[in-house]
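Hi,

Here is the structure I promised to pass on to you.

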Amino acid sequence: MSTATEPSTPQPVRSTTGLTFWSAVRTVFSLEMRQRLRGKGWYWMLGIWFVVIGFIFVLATGVLGTTDNEGGILFDLVVGFVLLFGLLIAPGLSANAVNGDRAGGTLAILQVTLLTPGQLLTGKWLASWVGSLAFLVLSCPFIFWALALGGVNAQEAIVSLLMLAVELGVVCAIGVGVSALANRPLFSIVSTYMLVALLAIGTVIVFGLSTTLVMEERTMTTSYYTYPESSLDATGTPDPGAEMECVTQTSQGMIPRTEYIAWLLAANPFVVVADAVPYSVEDLPELDPATDAAGLPQGGPYYTPGIMETISQGVRAAQAGPDVEQSCEELAESLRPLPQETPIWPLGLGLQLLLAGVLLLIGRRRLTMPAKRLAQGTRIA
Amino acid sequence: MTNERGGIVVEGVARSFGSVQAVRDIDFEAPPGEVTALIGPNGSGKTTLMLMMASLLAPDRGTVRVAGFDPVTQPAQVRSRVGWMPDTLGVWESLTALEVLTTIGALYGMGAADRSRRAEELLVAVNLTEFGRRPARVLSRGQQQRLSLARALIHDPEVLLLDEPASGLDPGSRVELRSLLRSLAAGGKTVVVSSHVLSELDEIADRAVFVSRGQSVKSQTLDEAGSQMRRYYVQAEPMSALAAALQSYGVRYETRGDSRREEFLVQLGSTAEASWLLRTLVLGDVVVTAFAPAGGALEETYMSLDTDRR
């Protein structure tokens with residue numbers, strides 16, 4: 001504070017009074033990224049992530065060595081794991097964005113500038129999203145490795161990665177929103193984990209419990225292959241060379257009409273990703289009407305879907321509801337992957353965006369200064 | 001003095017947090033070109049008032065005008081004209097001092113060239129040039145305090161709100177702070193300083209507003225404060241001679257209890273009275289070894305407002 005070099009007051013310093021939206025967002029973004037890039041925590045997390053994904057990948061490669069569709073299953077596995085770990089990491093990167101600054105005493109310093117709460121939240125969200133996308137980028141070696149094994153088409157791969165990125169963005173938005181609402185970083189991180197668990201596990205539990213609500217007594221027609229009574233000997237063993245035949249049976253029973261409650265699963269991040277990916281069911285070999293020695297249709301489809309594709313199939317089955325009239329022709333068809341009827345992921349993504357949007361809007365109101373109300377126990381500075 | 005275009009005028013503001021009434025009724029005025037001190041005990045509502053003037057907190061009642069604008073309805077106008085230095089030190093630890101300043105400059109809408117020139121200039125002004133390119137975590141408390149001051153000045157604000165700016169500063173930095181604030185006031189800025197270091201404020205401030213229990217209890221200029229009744233302490237060798245002399249002139253005195261040295265405190269109405277007493281004592285052959293005001297002018301006012309020192 002030497003007197004010789006006073007800040008030159010007569011000279012107007014302020015050349016522009018306005019602060020454009022994107023330059024404010026860019027400033028907050030670079031402020032956040034600089035801190036992240038200069039800290040150690042993020043690099044440690046990236047390192048652990050790489051090791052874990054690599055370990056799982058190598059392990060899976062060993063186990064799946066003999067399976068056909070190896071590339072597809074491995075790709076699906078990596079996507080599933082990146083999503084699972086992403087859901088675990090994104091709240092950690094985002095849910096202390098605002099209240100961490102409050103605890104550090106830097107939030108109020110930003111709030112007295114021309115920065116608006118919307119710009120602050122946008123910048124923080126972008127920074128945490130980019131931070132979590134780095135984890136996706138780091139998984140790329142394994143994704144490309146799986147792709148190199150074949151069995152996955154380009155569209156499937158691109159949509160998978162895109163949806164992973166979108167889901168990470170949604171979780172980061174939820175985290176930033178919660179961090180603007182909650183006073184303490186620990187509380188907001190835990191709350192964000194709870195919200196993510198609600199989406200990823202809660203939806204499945206609610207769906208499972210709700211099946212009891214949609215039970216209906218229906219007459220069901222089911223078909224199955226069995227050996228004819230005449231070909232069985234006294235011990236119940238079929239004669240060699242006996243042919244299986246299709247038997248159609250009608251029964252009364254309670255069945256869950258899952259088509260009414262399938263939407264409950266929509267907001268699940270795994271469902272959103274799995275449902276959006278166009279798995280190539282058309283490429284599978286056509287069914288041979290003739291049956292093989294075991295009585296099953298020849299020519300496949302002995303197709304093993306990966307984890308995400310299984311989720312996709314499960315959701316489609318839930319959407320279709322139980323088949324109350326299953327003929328022998330349909331029985332063979334039922335072994336094929338279900339085609340997509342109504343995409344459910346736009347609904348799910350919509351619900352997730354609604355949740356994130358509401359949280360961010362309330363957070364924005366909370367950050368608007370001058371403050372009328374303050375949460376109990378908070379200090380502005 | 002204060003008009004629609006500059007300075008701060010606060011009238012009858014109140015603000016409570018839940019059941020705690022932090023500010024009950026404060027009137028406050030800070031004209032441009034002067035340094036106004038905001039003085040009060042801990043928890044008297046100083047920081048709350050600062051937050052209301054900095055457009056971070058809305059008053060429940062009353063009006064606030066900062067540089068002619070209302071912080072509640074025109075926050076952007078106020079923010080572009082106010083530099084605020086909080087009493088808490090918020091530091092982005094991994095950022096360099098220069099980056100902290102340019103980032104805040106950018107958030108005030110300053111151009112890239114503008115803000116880096118201004119940042120370099122301010123680092124010189126607060127004596128932090130050698131730390132410009134080092135992360136802020138290596139700064140000591142006093143250095144962070146100086147960085148915080150530079151940050152508040154980055155957009156060349158008309159109004160400067162400083163909450164406890166001198167705390168943590170070494171004596172040298174205090175002197176520099178004092179001359180910096182005086183020169184800002186001389187340049188026409190409105191400067192508000194809250195502090196407990198009353199002897200510091202004596203030399204910096206032109207006027208003072210005293211708050212206590214959320215109320216403004218007194219407002220005076222330093223000239224007024226200087227001409228009021230104040231206490232002097234007197235020492236002599238031996239003290240018994242001094243006691244006898246004071247008794248013979250009819251001057252009431254008490255023995256100062258809060259000091260290590262033995263000395264008497266006398267209450268005198270003006271500087272003329274003080275010089276009369278000193279002259280009389282010396283001419284009366286009392287060996288006076290010390291004769292000085294017991295505290296600064298503001299401290300006298302502060303102590304006389306014994307409204308709530310619990």
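Two residues are called in contact here if their C-beta atoms, placed from the backbone, lie within 7 Å. The model is a predicted one: local features need pLDDT of at least 70 and side-chain atom pairs count only at pLDDT 80 or more, while totals for chains, interfaces and linings use all residues. Residues are numbered from 1 along each chain as its sequence is written, and chains are lettered from A and ligands numbered from 1 in the order in which they are written.

Let me start with the interface between the chains. Chain A brings 42 residues to the contact and chain B brings 49. On the side of chain A that touches chain B, helix H1 (21–38) and helix H5 (107–111) of chain A each supply at least two residues; helices (H or I, at least four residues) and strands (E, at least two) are DSSP runs, numbered from the N terminus. H1(A) has the largest share of that side, with 7 residues. By class, the side of chain A that touches chain B holds 18 nonpolar, 19 polar and 5 charged residues. For these classes, Ala, Val, Leu, Ile, Met, Phe, Trp, Tyr, Cys and Pro count as nonpolar, Asp, Glu, Lys and Arg as charged, and the others, Gly among them, as polar.

Next, chain A on its own. Its domain assignment gives domain 1 (20–209 + 344–367) and domain 2 (215–333), with bounds that come from an automatic or database domain assignment. The C-alpha centres of these two domains of chain A are 37 Å apart. Domain 1 of chain A puts 32 residues into their contact, and domain 2 of chain A puts in 27. On the domain 1 side, at least two residues each come from helices H3 (70–94), H8 (154–181), H9 (185–210) and H13 (345–367) of chain A. H3(A) gives the most there, 9 residues. That side of domain 1 of chain A divides into 19 nonpolar, 10 polar and 3 charged residues.

Chain B is assigned two domains as well: domain 1 (8–225) and domain 2 (228–304). Their centres, taken over C-alpha atoms, are separated by 37 Å. The contact between them takes 13 residues from domain 1 of chain B and 7 from domain 2 of chain B. Among the elements that each supply at least two residues on the domain 1 side are strand S3 (35–39) and helix H7 (198–204) of chain B. H7(B) gives the most to that side, with 4 residues. The classes on that side of domain 1 of chain B are 8 nonpolar, 2 polar and 3 charged residues.

Best wishes
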